[in-house]
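Here is a walk through one protein model, taken a few places at a time. Please keep the sequence and the 3D view open while reading.

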Amino acid sequence: MKTITSKFSSGNPLHVEEMKKRVMLNNIWGKIHLFGNHWHLYRNDSGGAGVVDNNRKVEFLPGRWYLVPPYKKMETWCNQEHPVYQFYIHFTTASFPDGAGFSLVELPEDQELNRTYEKLKNCNISSNIFPLLLLKLTSAACCMLPENSNYEGQFSPKISMLLHHISQHLGDQFGLDEMAELINMSKNTLLRHFKNEIGLSPYQYLSNLRYTEAANLLTQSDLPLEEICEIVGIRDRFHFSRMFKNIYGQSPGFYRRAHKNAVNMRDNTK
């Protein structure tokens, strides 16, 4: 995982957290739940895969760009009729820290965005220009977000503070009492505001975030399962394995092996 920071203006950092130039989608994509505190930028080279947004199946059209905001839970799908290769970037930006007011955004066609993508695709990752191209691509995508949604509907300051605290202390053990105390709210008020703004209860949100991060760690690292459980704040490994299978349809071990097989298949096609 690579983190790159750029400040377009004081107090507005943009962090590129993860990027894959070309990954072949398989049954793993159909098991992924998009969720977390970062934006997702996607471009597929062919049809046959996408997301489910508010019970609506959306196909990622070939060559088009799609932005999924943070804290927006979406299921993914892939029909497996033919190989689908995907370019993606996960990033955060202080300009739109929580993504509130946004849903899935299909960006308009833009020649400059595509030119930057072609340069990035052919650029060596160790090149000095590589991080600049990454930042140019993500900032250009953000600039194409609908203007009437840029600063409307953002989460309230206290809920934003709580979301940030949760993302930074995912391994900590805290419940509703600790959350309410952190932002100086009563438990009932917190439950009401959190549900209204996020669409989930604090427990549901925390659980989604933990299992999403666990899935990322399974595919992006070789950490043992016990350590992953510790990192995401789930102390009972057997409970974790049972819940993970309920969410993703596969045991953690099978999920990890399937992803590694997909990576090997992708590498063999290069």
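Begin at Thr212, which sits in helix H6, the helix made of residues 202-220. The model is a predicted one. Is Thr212 buried or exposed? Its relative accessible area is 8%, and buried means under 20%, so Thr212 counts as buried. The side chain of Thr212 comes to 2.7 Å from the backbone oxygen of Asn208. Apart from neighbours within four places in sequence, Thr212 is in contact with His33, Phe35 and Tyr248.

The setting for this residue is a protein chain with nine helices and ten strands. The chain has 270 residues, and 49% of them count as buried. Taking contacts in the protein chain between residues at least 6 apart in sequence, 72% join residues at least 24 apart.

H6 also meets helix H5, residues 187-198. Two packed helices are described by the angle between their axes and the distance between the axes. For H5 and H6, the axes come within 9 Å and cross at roughly 55°. The two helices are therefore oblique to each other. On the H5 side the contact is made by Leu190, Leu191, Phe194, Lys195 and Ile198, and on the H6 side by Pro202, Gln204 and Tyr205.

A second pair gives another angle. The axes of helix H7 (residues 225-232) and helix H8 (residues 237-248) come within 10 Å and cross at roughly 85°. Angles of 65 to 115 degrees count as roughly perpendicular, so that is how H7 lies to H8. Leu225, Glu226 and Cys229 of H7 make the contact with Arg237, Phe240 and Ser241 of H8.

Next comes helix H3, residues 157-168. Its twelve residues, at 1.5 Å a residue, should span 16 Å, and the end C-alpha atoms are 17 Å apart, which agrees. Which residues of H3 are buried? They are Ile159, Leu162, Leu163, Ile166 and Ser167. These residues cover an arc of only 130° around the axis, which puts them on the same side of H3. An α-helix has 3.6 residues a turn, so residues three or four places apart point the same way. The buried residues of H3 pack against helix H4 (176-182), H5 and H6.

What does Leu120 touch, not counting residues up to four places away in sequence? The list is Lys21, Phe87, Phe130, Leu133, Leu134 and Leu137. Leu120 and Lys136 are 16 residues apart in sequence, and their C-alpha atoms are 9.8 Å apart in space.

Two asparagines in loops complete the walk. Asn54 lies in the loop between strand E5 (49-53) and strand E6 (56-59). The phi of Asn54 is near 50°, a positive value in a residue other than glycine. With a relative accessible area of 60%, Asn54 is exposed, because exposed means over 50%. Asn184 is placed in the loop between H4 and H5. Its phi is near 55°, again a positive value in a residue other than glycine. Asn184 has a relative accessible area of 66%, so Asn184 is exposed.

Key. Residues are numbered from 1 along each chain as its sequence is written. This is a predicted model: local features need pLDDT of at least 70, side-chain atom pairs count only at pLDDT 80 or more; totals for chains, interfaces and linings use all residues. Side-chain values use heavy atoms; hydrogens and water are left out. Helices (H or I, at least four residues) and strands (E, at least two) are DSSP runs, numbered from the N terminus. Buried means under 20% relative accessible area, exposed over 50%, partly exposed in between (1.4 Å probe, protein chains only). A polar contact is a pair of N or O atoms within 3.5 Å; within protein, one must be able to donate a hydrogen and the other to accept it, and residues adjacent in sequence count only if both atoms are side-chain atoms. Contact means heavy atoms within 4.5 Å. The expected span of a helix is 1.5 Å times one less than its number of residues. The arc is that of the directions from the helix axis to the C-beta atoms. Axes are lines fitted to C-alpha atoms, for helices over the stretch in contact, and angles run from 0 to 180 degrees between N-to-C directions. Angles under 35 degrees count as roughly parallel, over 145 as roughly antiparallel, 65 to 115 as roughly perpendicular and the rest as oblique.
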